Amino acid sequence: MEWKLGRGAALALFVALNLLLIASQNQANAADSTDDFEDGYVEDVPETVSGESGDEKLAYESPEIDHSKFHFADHFDDVEISRKKWVLSRAKKDDIAEEISKYDGVWNWESPQRIVWANDLGLVLKSKAKHAAISAPLRQPFDFKKDKPLVVQYEVTLQEGQECGGSYLKLLSAGKETDELTAFNDKTPYTIMFGPDKCGNDVKLHFIFRHVNPINGTITEKHCNKPKNRLEEPFKDKLPHLYQLVVRPDNSFEIRVDHKIVNEGSLLTDFKPAVNPPSEIDDPNDLKPASWDEREKIPDPAAQKPADWDEDAPPQLPDTGAVMPDGWLEDEPEMIFDPTANKPEDWDAEIDGEWEAPLVDNPACEKAVGCGKWKAPLIPNPNYKGKWRAAMIENPNYQGKWAPRKIANPDFFEDLKPFQMTPIGAVGLELWSMSSDILFDNLIITDDVDVARDFAANSFDVKRRYIDRESDSFVNKVVELAKAYPSVWGIALVAIVALVALTIYCRFGKTKSQDAASKQATAEAKKSDEPQPDDEPEPEAEEEEESDLSGGPAAGDTSKESTPLSASPKKNKKSDLDDNEETKPVDEPAQTEETTTKTRKRQVRKD
C-alpha cells in the first residue's frame, strides 16, 4: 500500500508540475508576442545559429564587421587589433587628494570568468576602488545633422556583482579636448552618457545629454526620467546583459535592455531640466505688500471666554473617596541599605567619600500590599477645560495666496531640434567601482537599428541562448516563469490542492474501507462457524494424534514443529492443561514453549 501510494503521489506531482510548466510557457509566449508588437514590428531573432537542431551545441564566431556600416565597432576578440584602438588615460583628477587622483585602474583583454567559448573575449576592468579611464576614437565622427538615428549598443557582465559603481559609456564630443585621449578625465566634454549605475539602493540607467543654449552657448546637462521599473537583476545575476540606446531625428528616444524596452519618450518632454525654458518667469523685484492678508480663517473677535472657564484647573485630581488598603506599611521604606554589604578594604574615605551600602528591595514589602507613604490615585478632573481659544471664522479680509507677477523670460529660447547635438568623436569608459572584473563586450555605434540588431543576433543572443541552455532545467523553468508571471501561482495552488486530496484519499480512505470489510467478514464468520484461515492446520493436528495412538514417535520427540491451535469456535473442547498453556506468559522462549506444549498434549491424548 505504501509503495502504491508513493507511485501515485509522485505521478500526481509530476502531472501537476507539467500543467504548471505548460501554462507558464503559454503565458510567456503570449507576453513575448505582445512585447514584439509593442513597437510596431516583430524582432527576428533566430532560434539557432548553426542552422542545426536545437539539441546541437551552439558555436560562436566573432561577428563580421563591415566598417562602412559602423562609426565604431569592437568585439574585442582580436586582441592585437583592439589594443590599437583603445588609449589608456594618464590624467589626474583635479578635485581630490593626490594619492587617489591618478587614473591607475587596470584594463585587460580576456575571457569571462564563466568561459563559454575560448575565442570570445572582452575588455575587463580588473581593479576596484580605483579611478579608471580608457577611450577610443570613432572611425568617423557621428554628425547629428545627417538626420540619421544614433544607435549605441554594448554588453556588460558584472562578474562579481555590483554594490557601488558604474558601467556606463561616455560619447565624447568632437573637438580639441578629445584630440589627445591620454588626457581623458571626468572633465572631458561629452555629448551623451549612457549605461547602468548603482550605489546601495540607488539604481540608475543613465541617459544624459549635454544641450547647448542657442542664444548664449552655455551647456546644461539634461537627465532622462527614470524608468518605471527598477532594473536590479543585471547587478546581481552576474550574466551578460545588452544595453541599447536609440535616439531619432524626431527627438524620440528608446532604451532597451536585453531587447526589451525599459524607457522611451521625447527629448523635449522627458528630461529634467527641460530643454526649453519657460517663456515667463517670476519678477524678482516684485515683493509681497506688508498688508497682504493670506489667512483664510481668523479667531472670532466677538467671542469671549465664559466666566466659569478655569484655565488653571489641573487635568487630574486625587481621588477623595480612595482609602489606604489594609496591610499597607507606611513606616517601611521601599528600599533599604543592604545589610549584608561590607565596605571594601581598599575604600578610601578621603578619595571615595563616605561609604554607603547599596540599596536593595525591602524584604518586608514583598508580601505586603505596599510600602512607603500612601497617596490617593489620580482621577480625571471633571472641571478641566484647558486653555480657552476663540472659535475660527472666515477672514473677511482674505486676499488669497500671494504670488509675484510674471514677466517675460529674458533667457527664453525655443529649440525644437534638440536631437542636433554636438558631434561625437570618441567613446570612453571613465569609471570608479567597488567591484572588479567588469567585462565590456561587442560595443558598436551605428546609424542603423537593423545593423545593431543583426550584430546582437550573432553575438549576445548566441551567448545567452547557450548560457540559458546550460543552466536550464525543469525546476528552474517552473520557478523563473512563475516569478515572471505571478498568475501562474493560481494554477499551482489548484494542482497542490488536488495532490493533497488524492494523498489523503489514498492514505486513509482505502485503509478504512479495507478495515471495515475485514471486520465485517470476521463477524459473519463467527455467526456461521465457517472455517477461518486459522483453522487450516487442524488436519495436521488430527493426523499427528492418530500417529501418536498408532505408535508414532515418542512423546519427547521434538523433531517436528508444533502447529498453533486455531481460535475458531470449532475447537472449544480443550483440557485444563490446554487452558493453562494458553494463559502462560508469552515472554518465555518460543522453542521451549512449543516443545513443552506438544509433549503434554500428546500425553493427554494417550491417556
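Q: Contact means heavy atoms within 4.5 Å. Among contacts between residues at least 6 apart in sequence, what percentage join residues at least 24 apart?
A: The model is predicted, so local features need pLDDT of at least 70 and side-chain atom pairs pLDDT 80 or more, while totals for chains, interfaces and linings use all residues. Residues are numbered from 1 along each chain as its sequence is written, and side-chain values use heavy atoms, leaving out hydrogens and water. Among the contacts in question, the share joining residues at least 24 apart is 77%.

Q: How many helices and strands does the protein chain have?
A: Both are DSSP runs numbered from the N terminus: helices are H or I with at least four residues, strands E with at least two. The count for the protein chain is 10 helices and 27 strands.

Q: What percentage of the protein chain is buried?
A: Buried means under 20% relative accessible area, exposed over 50%, and partly exposed in between, with a 1.4 Å probe and protein chains only. The protein chain has 607 residues. Its buried share is 34%.

Q: How many residues of helix H4 are buried?
A: H4 covers residues 449–457 and is mostly covered. Its buried residues are Val449, Val451, Ala452, Arg453, Phe455, Ala456 and Ala457. The buried count in H4 is seven of nine.

Q: Which residue's side-chain oxygen reaches the backbone nitrogen of aspartate 450?
A: The pair sits at the start of H4. The side-chain oxygen comes to within 2.9 Å of that nitrogen. It belongs to aspartate 448.

Q: Is phenylalanine 76 buried or exposed?
A: Most residues other than glycine have a negative phi. Phenylalanine 76 has a positive phi of about 65°, and lies in the loop between strand E1 (70–74) and helix H2 (79–85). Its relative accessible area is 0%, so it counts as buried.

Q: What is the relative accessibility of aspartate 437?
A: Aspartate 437 lies in the loop between strand E26 (424–432) and strand E27 (438–446). Its phi is positive, near 60°. It counts as buried because its relative accessibility is 11%.

Q: What is the omega of the cis peptide bond between lysine 272 and proline 273?
A: Most peptide bonds are trans. This one is cis, and proline 273 is in the loop between strand E15 (271–272) and strand E16 (280–282). Omega is about -10°.

Q: Which residue has its backbone nitrogen 2.9 Å from a polar atom of the side chain of serine 127?
A: Serine 127 is in the loop between E4 and E5. It counts as buried because its relative accessibility is 12%. Beyond four places in sequence, serine 127 touches Gly105, Val106, Ser435 and Ser436. The backbone nitrogen belongs to valine 106.

Q: How far apart in space are arginine 114 and isoleucine 467, C-alpha to C-alpha?
A: Arginine 114 lies in the loop between strand E3 (107–110) and strand E4 (122–125). It counts as partly exposed because its relative accessibility is 44%. In sequence, arginine 114 and isoleucine 467 are 353 residues apart. In space, the separation is 9.5 Å.

Q: Which charged residue lines the second largest cavity?
A: A cavity is a set of points on a 1 Å grid over the protein atoms alone where a 1.4 Å probe fits but cannot get out; lining residues have an atom within 4 Å of a point. Asp, Glu, Lys and Arg count as charged; Ala, Val, Leu, Ile, Met, Phe, Trp, Tyr, Cys and Pro as nonpolar; the others, Gly among them, as polar. The lining divides into six nonpolar, no polar and one charged. Alongside Pro196, Leu205, Leu231, Pro234, Phe235 and Tyr243, the charged one is Lys204.

Conventions: On a 1 Å grid over the protein atoms alone, a cavity is a set of points where a 1.4 Å probe fits but cannot get out, and a pocket is an open set with protein on both sides within 12 Å along at least five of seven lines; lining residues have an atom within 4 Å of a point. A polar contact is a pair of N or O atoms within 3.5 Å; within protein, one must be able to donate a hydrogen and the other to accept it, and residues adjacent in sequence count only if both atoms are side-chain atoms.
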